[in-house]
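Dear colleague,

Here is the structure I promised to hand over.

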Amino acid sequence: MVNLTKGGNAPLSSNKVQVTVAWQDRNPNAEELDVSCFLLTDTKKVRGDDDMIFYGQRQSTDGSVRVKDLAASDGSGRKTSFVTELDKLGSDVTSIAIVGTTAAGPVSALERLSVTAAPDGGEPVVFDVGTADATEAALILGELYLRNGQWKFRAVAQGFNGGLAPLATNYGVVIDEPAAPPPPPAPTPPATPAPSVNLSKVTLTKDKPSVSLAKKSDGFGQIEINLNWTQTGGKKKGIFGLKGKAIDLDLGCFFEMSNGQVGAVQALGNTFGNYEQAPFIELAGDDRTGAVSGGEWMRINGSQWQNLRRVLVYAFIYEGVPNWASADGVITIYIPDSGPVEVPLNEASNLGMCAIAEITNDNGGIKFSREVKYFPAHPQMSEQYRYPLQWRAGRK
């Protein structure tokens, strides 16, 4: 069994996969969790309403996804299961989103919530979803996705304010509204309507290298950055195609404060940062053993975004021979009430460091820019990006 944490991914050994969402409510009399699947194209939208599989439509038209169990008792709670036959999917379907919604109250009402992707005859992949701090009524729990000809499962746990209808609309499903009497005359609308929430994932590429978020009066909350790469058997493999001792791939960043102060946050040199005080960036932990299936995490205190001018996110090889093309690495940036921003590390290089993405303060907003540029070591990268730092040999 492969156990994942948020942001982790694992390959699936078969095209026939049973996906089971299991839960237990703190209140036995509470309403059940509605679990749905959405068949998505590269745009993270459905092709049509038939691509939503839920209690009201229990099978896709091509038979690739069908409901097996619907809120069935599993002895300690309930479960909903889908059988997916990935080789039956249309060639334009590149991912399947698995979501859970509650009709009343936040997801934190659930005491236990997990997602299991079990390939036919293969090792199951399990994601135990933390619900204690979930304030939303809906969660994108995980996704089956196709990358380089290989189907994988990713643990997501991305919150969404609203129930099933707004979440389905976000994926492009047209929801029929019940007839209603004519409304009274509407008041004069505000000059600037609030922007709608969009939870579609954005992948930064050479052709689409940047994306921006507008300034928010209440700040951006906790911004989470995850570095992950291909995992097998619950452990990171010799990630660059090597056998034996696992290579140590580290997450870090350079930062520049609004007052001009510069620095670095990384495990090397034990400069883990601080979330509540300057630089308002913290490395959540350093996975030295290769046993943490969710990869490495960094947090930025978005409520203090006005104190930061720019952040350069990078990864480097602490031990081992660099061969980035074999890593299937990816940086994913999670922002509350917005879709994740993904930067794949899909270019070949034998240099030891990769500048992955730059996050800049754009008049109070946030601009994410893809970099994916390789350097021999810290001094060359800091010079290229104009971070005047002094370097000396260090260890973790």
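**Aromatic pairs**

The structure holds six aromatic pairs. A pair here means rings of Phe, Tyr or Trp (its six-membered ring) with centres within 6.5 Å; planes under 30 degrees apart are stacked, over 60 edge-to-face, and the rest tilted. One of the six is formed by Phe254 and Tyr387, with ring centres 5.2 Å apart and planes at 45 degrees, so this pair is tilted. Phe254 sits in strand β18 (residues 248–257) and Tyr387 in the segment after α2 (378–384), so the pair ties together parts 133 residues apart in sequence. Helices (H or I, at least four residues) and strands (E, at least two) are DSSP runs, numbered from the N terminus. Both Phe254 and Tyr387 are buried. Buried means under 20% relative accessible area, exposed over 50%, and partly exposed in between (1.4 Å probe, protein chains only).

Phe375 and Tyr385 also pair, this time edge-to-face: 6.1 Å centre to centre, with 70 degrees between the planes. Phe375 is in strand β27 (residues 365–375) and Tyr385 in the segment after α2, ten residues apart. Phe375 and Tyr385 are both buried.

Before you start, two points on the model. It is predicted: local features need pLDDT of at least 70, side-chain atom pairs count only at pLDDT 80 or more, and totals for chains, interfaces and linings use all residues. Residues are numbered from 1 along each chain as its sequence is written, and side-chain values use heavy atoms, leaving out hydrogens and water.

**Cluster and charges**

Phe254 and Tyr387 belong to one aromatic cluster with Tyr314 and Phe316. Tyr387 also has Arg310 over its face, at 3.9 Å from the ring centre. Arg154 lies over the face of Tyr145, at 4.0 Å from the ring centre. The criterion: NZ of Lys or CZ of Arg within 6 Å of the ring centre and within 35 degrees of the ring normal.

**Two buried residues**

Leu204 is in the loop between β13 (202–203) and β14 (210–213). Its relative accessible area is 1%, so Leu204 is buried. Its C-alpha atom is 8.6 Å from that of Phe368, 164 residues apart along the chain. Not counting residues up to four places away in sequence, Leu204 touches several residues, including Val341, Val343, Pro344 and Phe368. Contact means heavy atoms within 4.5 Å.

Asn301 is in strand β22 (residues 296–301). Asn301 is buried too, with a relative accessible area of 5%.

Best wishes
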